[in-house]
Amino acid sequence: MSIHDVSPAFAEPIDRLADMLGDILGGPRFAMLVVPDHWGAAPLDRAPAFARRLRRWADAGVEMFLHGWFHRDTTDHQSTAAMMKSRYMTAGEGEFLGLGADEAEYRMRRGRDVVETAIGGPVAGFIAPAWLYGAGARAALKACDFALAEDHFRVWRPATDQIVARGPVVTWASRSTARTASSLAVAAAARALPDWLPTLRIAVHPGDVTKESLMTSIERTVRSLSARRAVGRYADLLPGGAAAAYEGSAS
Ligand SMILES: [Zn+2]
């Protein structure tokens, strides 16, 4: 379970989402995806009050991921396919889709420094904006040695390319009425999924707080799924984590 686009630009919506998830789950059992400088207008290293808040969440057990640098896609895409993918899947938020390896690595290292300085500890991994990775971003992930990464369909360890979890992400869209309606339908379908299905991930965004219909759906979905399923942490997916211990005891 994760809150995306955590940035001083969205301090109030993030507070509201964190309070809601924490209340339902009985504690901060979720991840935050932190953007070091959202759209070049919200630098975390110049927002000390928000950085202190982040550190309190991290100290309380919230897993902190680096989530791009600007979040917005600022590259000129070389290939039409990449451009179409970026434009239609994300409205231009796929920052790491078109980056070369050097630039991707530079932004990852710098971003990690900014987030780790704020939280006073290591990040849990890197998750690209809009879950979109180009070849450069994939190479840079390995070079930077992040423990975990994820896309729409899986969570993997960049060092070994080992896939540690598979399953869809349930997420909500606030951008247009049509997208909002379809995301409400998807969430309702997810609530009705049989419990034997493997991992489901849930992702919420600051924009979700702008529509009460979305907040109601998020609350119902998180309540329903967390009542019937174990709520995992990303760290459980690493060697020595709870999932590994469980598999070990089962075999
Ligand atoms: Zn994002």
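Strands here are DSSP runs of E with at least two residues, while helices are runs of H or I with at least four, and both are numbered from the N terminus. Two strands count as paired if DSSP finds at least two bridges between them.

Before I go on, a word on what you are looking at. This is a predicted model, in which local features need pLDDT of at least 70 and side-chain atom pairs count only at pLDDT 80 or more, while totals for chains, interfaces and linings use all residues. Residues are numbered from 1 along each chain as its sequence is written, and side-chain values use heavy atoms, leaving out hydrogens and water.

Stay by that sheet for a moment and find aspartate 161, in the loop between S6 and S7. Most residues other than glycine have a negative phi. Aspartate 161 is not a glycine, yet its phi is positive, about 60 degrees. Its relative accessibility is 47%, so aspartate 161 counts as partly exposed. For the cut-offs, buried means under 20% relative accessible area, exposed means over 50%, and partly exposed lies in between, using a 1.4 Å probe and protein chains only.

Now over to strand S9, residues 201-204. S9 pairs in the parallel sense with strand S1, residues 2-6, over two bridges, where serine 2 faces alanine 203. Strand S8, residues 169-171, also runs parallel to S9, joined by three bridges, and valine 169 stands opposite arginine 201.

Next, the loop between strand S3 (63-66) and helix H3 (80-90), where we find histidine 67. Is histidine 67 buried or exposed? With 1% relative accessibility, histidine 67 is buried. Its side chain makes a 3.2 Å polar contact with the side chain of histidine 71, and also reaches the backbone oxygen of isoleucine 127 at 2.8 Å. A polar contact is a pair of N or O atoms within 3.5 Å; within protein, one must be able to donate a hydrogen and the other to accept it, and residues adjacent in sequence count only if both atoms are side-chain atoms.

Histidine 71 sits in the loop between S3 and H3 and is buried at 5% relative accessibility. Histidine 71 has a positive phi of about 80 degrees, although it is not a glycine.

Finally, let's step back to the whole protein. It has eight helices and nine strands, and 47% of its 251 residues count as buried. The largest nonpolar core holds 69 residues, and Ile3, Met32 and Leu54 touch the most other members. Such a core is a set of buried Ala, Val, Leu, Ile, Met, Phe, Trp, Tyr and Cys residues joined through side-chain atoms within 4.5 Å. Helix H1, residues 11-25, gives the most to this core, with eight residues.
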